[in-house]
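Have a look at the picture first, then read on.

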Amino acid sequence: MTADPDRPFRYPLGRHHRDEIATRSGRPLTDLDLARVLSGQVSPDDVSVSAETLELQAGFARKAGYGEVAENLLRAAEMTRIPSTEILEIYEAMRPGRSTYYQLLSLSQRIASMYEAEHTGAYIREAAEAYRDTGLLKMEEG
């Protein structure tokens, strides 16, 4: 499914557009049922949300006046393109006292450019600023 700005989607997507919504693997929601799950025909990516669905959900949130929720959903959509190992490294780097200000800035630039993840990169930059202001950064080495 591609988010078509001219296509009127109705919330909730799973009820009104079940045949048009696909999971992260590209499998349509209509293809998922308990029998397939129990028989092992469904993989973890078959039950993971796609970036396109998260982007549509962000549009619903923004229209309803929930701008922060929309931003979180857009960041989540970007994160579907980032490998799990990289996400774990981001979380580790963002733990208080684990990274310097410049390490976080470098991480934000790398993530934004490698994965076309501007929202995620901005979030890491915001964290770097907040950590600097509150003393949660790793002390500069040498």
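## Helices H5 and H6

Let's start with a pair of helices: H5 (residues 84–93) and H6 (residues 101–114) pack at an angle of about 155°, with their axes 11 Å apart. Helices here are DSSP runs of H or I with at least four residues, strands are runs of E with at least two, and both are numbered from the N terminus. The axes are lines fitted to C-alpha atoms, for helices over the stretch in contact, and the angles run from 0 to 180 degrees between N-to-C directions. H5 and H6 are therefore roughly antiparallel (angles under 35 degrees count as roughly parallel, over 145 as roughly antiparallel, 65 to 115 as roughly perpendicular and the rest as oblique). On the H5 side, the contact is made by Glu86, Ile90 and Ala93, and on the H6 side by Leu104, Leu107, Arg110 and Ile111. Contact means heavy atoms within 4.5 Å.

What kinds of residues make up this contact of H5 with H6? There are five nonpolar, no polar and two charged ones. For the classes, Ala, Val, Leu, Ile, Met, Phe, Trp, Tyr, Cys and Pro count as nonpolar, Asp, Glu, Lys and Arg as charged, and the others, Gly among them, as polar.

## What the model is

This is a predicted model, in which local features need pLDDT of at least 70 and side-chain atom pairs count only at pLDDT 80 or more, while totals for chains, interfaces and linings use all residues. Residues are numbered from 1 along each chain as its sequence is written, and side-chain values use heavy atoms, with hydrogens and water left out.

## Glu86, a charged residue in H5

Glu86 is found in helix H5. Is Glu86 buried or exposed? Glu86 is buried, with a relative accessible area of 9% (buried means under 20% relative accessible area, exposed over 50%, partly exposed in between, using a 1.4 Å probe and protein chains only).

Not counting residues up to four places away in sequence, Glu86 touches Arg110, Ile111 and Tyr115. With Tyr115 there is a polar contact, side chain to side chain, at 3.0 Å. A polar contact is a pair of N or O atoms within 3.5 Å; within protein, one must be able to donate a hydrogen and the other to accept it, and residues adjacent in sequence count only if both atoms are side-chain atoms.

## The loop between H5 and H6

Two residues are worth a stop here. Met94 lies in the loop between H5 and H6, and at 12% relative accessibility Met94 counts as buried. Leaving out residues up to four places away in sequence, Met94 touches Leu104, Tyr123, Ile124, Ala127 and Tyr131.

Ser99 lies in the loop between H5 and H6, and Ser99 is buried, with a relative accessible area of 6%. A polar atom of the Ser99 side chain lies 2.6 Å from the backbone oxygen of Ala93. Apart from neighbours within four places in sequence, Ser99 is in contact with Ala93, Leu104, Leu137 and Lys138.

## Helix H7 and its partners

Now for helix H7 (118–134). The axes of H6 and H7 come within 7 Å and cross at roughly 175°. That makes H6 roughly antiparallel to H7. Among the H6 residues in this contact are Leu104, Leu107 and Ile111, which meet H7 residues including Ile124 and Tyr131. By class, the contact of H6 with H7 has nine nonpolar, three polar and four charged residues.

H4 and H7 have axes that come within 7 Å and cross at roughly 115°. That makes H4 roughly perpendicular to H7. Glu71, Leu74, Arg75, Glu78 and Met79 of H4 make the contact with Glu118, His119, Thr120 and Tyr123 of H7. By class, that gives three nonpolar, two polar and four charged residues.

Most residues other than glycine have a negative phi, and most peptide bonds are trans. Glu116, in the loop between H6 and H7, has a positive phi, near 50°. At 64% relative accessibility, Glu116 counts as exposed.

The other case is a cis peptide bond joining Tyr11 and Pro12, with omega about -5°. Pro12 is found in the segment before helix H1 (13–16).
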